[in-house]
Amino acid sequence: DGFQRLRFLARQVPSVGYRCYPLRPLPRPPAAPEPTGTTVLETPHHRIELDPESGGIRSWIDRRSGRQWISTNSPWRFNQHLYVTGADALPNRLVQYSTVSPEPALTVHGASGGKLLGVLRHSWGWVARMECTNLHHPRIETLLVLRDDSPVVELVNRLEKVAVRTKEAAYFAFPFQTSSPRFRYATQNGFVDPARDLLPGACREWFCIQDWLAVDPEDGCMLWSPTEAPLVTLGDIARGRWPREFGSRPGTVFSYIMANYTPEGYRADQGGSFTFRYRLQPADVFDPLAAHRFGAEALTPLEVNEITRNDRIGPGIGPLSATAGSFLELEPAHAGLVTWKPAEDGNGTIVRLVEVAGQTGQCRVTSPLLRDGLGDRCTAVEDPLPRRAADRTVSPFGIVTFRAR
């Protein structure tokens, strides 16, 4: 009714910055995407074969290395929805956190009965849609997006769930092809290898990740980032085994999206409409800096605004580029921006950085909005540190806070 929906691909938007796009009429409408019935999607980076019956992916070939990323031995397809029943009979060690109670006899129901809703070939890549069902899940829709100019694979799962109060759990399975994987996952200011870094008595049944997880097989590395579901199990679903050691596990990542096993912190029933998004990207080797950037981008989507002639940055700033620019540029490259906020006492702004690659570096910030760049070093609660005011060093995995004006 008088409005048009504009959809376009924004490339190379500067971090903590912007890129502007003028809107103007085209001499003719753009070419419509080409609908196809294929289940094999190829880009310069990947060759992916869909499995509409399960709503998952059957095969994923890295065209650069020739590597098959999906396990051929797993009973589950890649990104297949799993629904787990069977923990109602008590006592059992999954519900009661007991190592002397019996292990419950769980049943895993894999999504099935699926169909291909459509595959569109755009000028920039592929968009495929599938739909399937599972127990108490009348509809599970999967959207797969592949860009020709990017190695990132995007998955969007939208599901409808019936509320039930029997014991249940739900997952999306990601079985990677590897015989001896090494896992690492992001924490608040670093990363953890669960096979080496956990203290005695730590939970090894499931893990809460910050914004990325890396599966590091014998050759290569896969970065995996969930948006809505930070809990994962590695190698198997949660069964209440409570292992004392991480041990050797298959390379399957289970995104642990729902459970009502215990009353502490869980809803008795979980019904309604839900969305779970995932981004994946293969790499040659594990690089903590690349993993940090990948996770930050996955969890911080772009925001869209219309710029009008009345919009102003503020007095004394000077002109900004009409095309693109960054409001804050950081050094060293292996430091990530955690916080940029107004100071609690109103005197300037607070810039907080975290080192993400395990290196020592000297901090430097430039910005058209800051007169003097980084100012005095301060504590996390913004109290001054006069004796360290000139210290710009950030230690490996360290956090530093500055007051900028």
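Helix α2 (residues 288–299) has 12 residues, which at 1.5 Å a residue should span 16 Å; its end C-alpha atoms are 16 Å apart, so the two agree. The expected span is 1.5 Å times one less than the number of residues. Helices (H or I, at least four residues) and strands (E, at least two) are DSSP runs, numbered from the N terminus.

This is a predicted model: local features need pLDDT of at least 70, side-chain atom pairs count only at pLDDT 80 or more, and totals for chains, interfaces and linings use all residues. Residues are numbered from 1 along each chain as its sequence is written, and side-chain values use heavy atoms, with hydrogens and water left out.

**Around α2.** The buried residues of α2 are Pro-288, Leu-289, Ala-291, Phe-294, Gly-295 and Ala-298. Buried means under 20% relative accessible area, exposed over 50%, partly exposed in between (1.4 Å probe, protein chains only). Their cover includes β14, β17 (221–226) and β20 (272–283); contact means heavy atoms within 4.5 Å.

**Glu-205.** This residue sits in the loop between β14 (190–192) and β15. Glu-205 is buried yet has no salt bridge. A salt bridge is a side-chain nitrogen of Lys or Arg within 4 Å of a carboxyl oxygen of Asp or Glu. The nearest side chain of opposite charge, Arg-241, is 6.5 Å away. Lys and Arg count as positive, Asp and Glu as negative; His and the chain ends are not counted.

| Side chain | Backbone nitrogen | Distance |
|---|---|---|
| Glu-205 | Arg-239 | 2.7 Å |
| Glu-205 | Trp-242 | 2.8 Å |
| Asp-287 | Leu-289 | within 3.0 Å |

A polar contact is a pair of N or O atoms within 3.5 Å; within protein, one must be able to donate a hydrogen and the other to accept it, and residues adjacent in sequence count only if both atoms are side-chain atoms.

**Sheet.** Six strands form an open sheet in the order β7-β6-β12-β19-β18-β15, with antiparallel pairing. β7 (107–110) and β15 (207–208) are at the edges with a single partner strand each, so one side of each lacks a neighbour in the sheet. Two strands pair if DSSP finds at least two bridges between them. β15 pairs with β18 (residues 231–234) over two bridges. Cys-208 has Leu-231 as its bridge partner.

**Hairpin.** β4 (residues 46–51) and β5 pair antiparallel over six bridges. Four residues lie between them, and Gly-55 in the turn has a positive phi of about 75 degrees. Five of the seven residues of β5 (residues 56–62) are buried, so the strand is largely enclosed by the rest of the structure.
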